[in-house]
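Please look over the sequence and the model below.

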Amino acid sequence: MKIYIKKTVSSNFELLETPDQALGKGGQARVFKIQTKGYNDFCLKKFIREEDAKKNYDRIVYMIQNPPQNIMGSKSFRICWPTAFAYDSQKNFIGYIMPLAFPESRDLKILEVYSPKPISQQARYKKYPDWFDKYEIDTDEGLKNRMKMLCNWAIAIYSIHATHKYVIIDLKPENVLATSSGKISIVDTDSFQISENGRILFPGTAFTPGYFPPEGKNIKKNKAPFPISCDCFAAAVCFYKILVGVHPFGGMIKKAPYNQIETEEDAINAGLFAFGDKKQFLDFPAFNLHKHFENFPLTIQHLFKRAFGSNINARPTMDEWGKTLHEAIVSNSVSVRTVIKPTHSNSFSIQIIEVKFADVDYNGSIIRYYGNKLYSDVSYLSPQITYKSLKNNSNLEIGYKIYSPSGQLEYNSSIKSGFTSLTHINCTSNSIQTVILPGWGNKNKTAYTETGIWRMEIYEGDKCLYKASIEIHPIVASQSSYIPSATPQTPPSWMSSPKQVAKKKSKWWAWMLLFISIIWLGYQFWYKDYAKDNAAPHSYVFATNLFLRSSKEANTDNNLLGTMPYGTELVTYSDDGEWAYVKANGQKGYVASDYLLSTEDFALLNGVWGNEEAKEMVETSKYRLAVLDYLKSNHLQTGSTGWQLYAKQKEMKPNSVLYPLLNNGKSKDTGFAFILKDNATGKRKLILYAFEENDIPVFRYAEDAPERGDITSVVYSRWNDKYRITYSKKNTTYTPPIQQQTKQEPKPFIIHSVEFANTDYDGNVLTGFGKQLYTDVQYLKPRIAYKKQAPASESLTFKVKILRPDGTLERGTSSPAGYTFEHTVNVWGQSGTCELTGWGNREGNAYQAGRYHYEIWHEEEMLYSTTVDIKKKEAVAPLSISSVAFANVNYNEYILRNYGSQLYSDTQYLRAKVSYRKPTASTESFKLKVKIFNPDGSLNRGSVSPAGYTFETQLLLSGKEGSFLLTGWGNKEGTVYTAGNYRYEIWLNGTKLLYATMVNIKDKP
């Protein structure tokens, strides 16, 4: 394959050759080795799709003009950075030239994932003999070689960071290549974030949760550029996994209040590093890979503690990592003192296959059967386990622990410490058995009033065999529990029969009581729900079918309640933009919000179907939204006297609906063309839509269609930016006269795409181009990608129309007639980008939520039309609380029982340790009020308590996150608290509930 390259935008072309067979292929591009002499260490990265090449061109220009130093000058690392532009034989940009990775390189999953077997004994790595016996984690040589490789990696990353322009973001072992001798190649460099002076020029394309720092979500939410410290966190995670064999926030047992945390991402956000400030909340299994940490010099241990500590600014840089690793290697201070070997799985006597739960009464009679839905009136929660016996043991003791949704352990003080229940089962080797374990609860059905996910851990000795969970659902008024029939028995002789009792009680007021009861029950079980449903907004399903689910989870069939067809009316109680909680045909559940329309929108869409075949031809939701978009944008009415779409059967071709490949068939982007007819006049209109990556419809073209005929083809010409539509008519081809213009001279200026950003008055980008914009937009600024015939610089005046969601035109005091604004810009070269002025105001209140239409005109001709979706900006809470832990302290604030420990009725002062987040790092004052409710529901108050609260306090908080201590509440004698569950509420300014939790106090043992 012959290609042309240019080392700068303005340099001459140079011809190179590559083989037709690619070295490798990714989702966006293929890589080819270059055969031309002098380029042996380089390769071509060729984008697969033309639109990807266009989208990345500006990014590649910037990278070639601003490379890191020494991308190939080191023997220990390479940075596969763009060094030249690549073009096909027609001089179309197709990709770029970059250094090849070192020969025989592979990703670092070979070292990232711990295995008790050496690399030479792992079947998947048999074809990598050069890696054998070099990197074993439990040998001095292996550990030292790992450190040498990481030293090279750190130096390579430092070379990138030294530019102060690039952040890798998706930094992980899978995204780097290494040789068996420790040489590093940094790849996928065109996915890095590029920024200057606090402004994102080109965003990063991906990140991985387990490597993302705790502050990353807020940075992403605020659309700010990610700082280098994010890479420093991710690199430290990579280094820890390769040197220790486990994730720094994984492989541990979390204690309350963190015992519900399961993912590494959540552990990162909670700050649960194995050797961090919260290690008192962590336990470790017998097979504890974290012990490898003891093999490191103190200097390296200290770097890890800083990297995963709460002070972001203290994270070690890549320069510091490189120097420290190098010093440890050359000083021979690396030695393996601790070797961890796994215990074998056959140390357990049984292997649990399945756990189911039932609600049983005190005598063991089943109320709700195993596997059925359980509610908060559970009497005794009875687990049924199915297990395979691995050993013979006729009297195996197993126990279980039950944790409430708030993380409280249900503790039985009469048995082995820390367990809810203990029992014995029989094991016969290799047999599969099912047994029912003793239930836990009470006769009064009050043990499981806390609704949500309850967790159970089953143990053999002190080792956890199995983890299970069960959701306890709230009881609703209209729901009665199923109680099995009692065993028949003869009533005692003194008991009156039902008829005798009725006769004795038959007085006039009994009828009145019955009448009042009927009225009350009618209100409770019928009218109250009726009134609620009547007041709630109604929506309609516009998808062909839509699933109703019991929970907000789409990737499972376990929560399916049913399927609702097109046109189903829903009572919509709530809608968070992703999931709506609805009632359909008397059944409540969750549906995906994207497939619902308001009553008005559905009536408009439903009226467009001229026949049933039309609805069948347009059966996909995104295409139906395109039809609705056109109807609303052009204020068209539907129905028998308005505009409608008529179609033939789906199998018949041609038809009034066509799904053409746009860009002359070279693109995989499928468009959507359809014909609407005005029933009042007989006029017909052809409309063409394309779709963005998130399936948002984008209007492309419209023209008058002939009175008869269907769509045969839609062809796009890149040279004159026109669509040629061909229609059928009595077996002949009809081309509208307007399309004869395609033979005219090409347009001098063509707009290919427009992206929008939110900027301030001075033009500083607040939300980057192409990002989601919200109602706090100050100035909506467009960036235009264009092509033009003349290479010379030109001055062009554009006029812009911005149409609000209601169709009215955005205008100001200086707006030209019929337009929002006009702007003159200089454009040069035959292709490039330019930016128009922004439109809005400094206060950020110019835009409401909805879809805006944006049109760009030049010399009375519309060059481009697109839409901008503005979403509602939710208010940011000034303070939020992520967790609260409690301790027992004395009058002098000395800790008697530590935070997170079980508290007893001898508690003197109940003190809360609160972890918080706030949107700004500045020091702010907050007034907090606390309510402590006693187990009987009464408010715990003293003589100085403010009205309606237990106590209040004023705090000064700095930084975006941290922790603080609230005043302890109680007395010196330790007589305030008795056994039971106390509700603890924290309020901001007495108006907003920030956090509520339960504190379990037990009788002093």
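The report takes the sheet, then the salt bridges.

## Basis

This is a predicted model, in which local features need pLDDT of at least 70 and side-chain atom pairs count only at pLDDT 80 or more, while totals for chains, interfaces and linings use all residues. Residues are numbered from 1 along each chain as its sequence is written, and side-chain values use heavy atoms, with hydrogens and water left out.

An open sheet of 4 strands runs in the order 6-12-11-9, with mixed pairing. Strand 6 (77–79) and strand 9 (106–107) are the edges; each has a single partner strand, so one side of each lacks a neighbour in the sheet. Strands (E, at least two residues) and helices (H or I, at least four) are DSSP runs, numbered from the N terminus. Two strands pair if DSSP finds at least two bridges between them.

Strand 6 pairs with strand 12 (residues 184–186) in the parallel sense, over 3 bridges. Arginine 78 has serine 185 in strand 12 as its bridge partner. Helix 3 (residues 140–161) packs on the sheet and touches strand 6, strand 11 (176–178) and strand 12. Contact here means heavy atoms within 4.5 Å. The direction of helix 3 makes about 35 degrees with that of strand 6. Axes are lines fitted to C-alpha atoms, for helices over the stretch in contact, and angles run from 0 to 180 degrees between N-to-C directions.

## Salt bridges between strands

The whole structure holds 37 salt bridges. The criterion is a side-chain nitrogen of Lys or Arg within 4 Å of a carboxyl oxygen of Asp or Glu.

Lysine 685 and aspartate 704 form one, at 3.2 Å from N to O. Lysine 685 lies in strand 38 (residues 684–691) and aspartate 704 in strand 39 (residues 697–705), so the pair ties together parts 19 residues apart in sequence. Aspartate 704 is partly exposed, at 43% relative accessible area. Buried means under 20%, exposed over 50%, partly exposed in between (1.4 Å probe, protein chains only).

Glutamate 952 meets lysine 929, with the closest N and O atoms 3.8 Å apart. Glutamate 952 sits in strand 58 (residues 951–957) and lysine 929 in strand 57 (residues 924–933), 23 residues apart. Glutamate 952 is partly exposed at 36%; lysine 929 is buried at 16%.

## Further charged groups

Glutamate 924 forms a salt bridge with lysine 918, the closest N and O atoms lying 3.0 Å apart. Glutamate 924 is partly exposed at 24%, whereas lysine 918 is buried at 4%.

Salt bridges also link Arg49, Glu51, Asp52 and Lys55 in a network.
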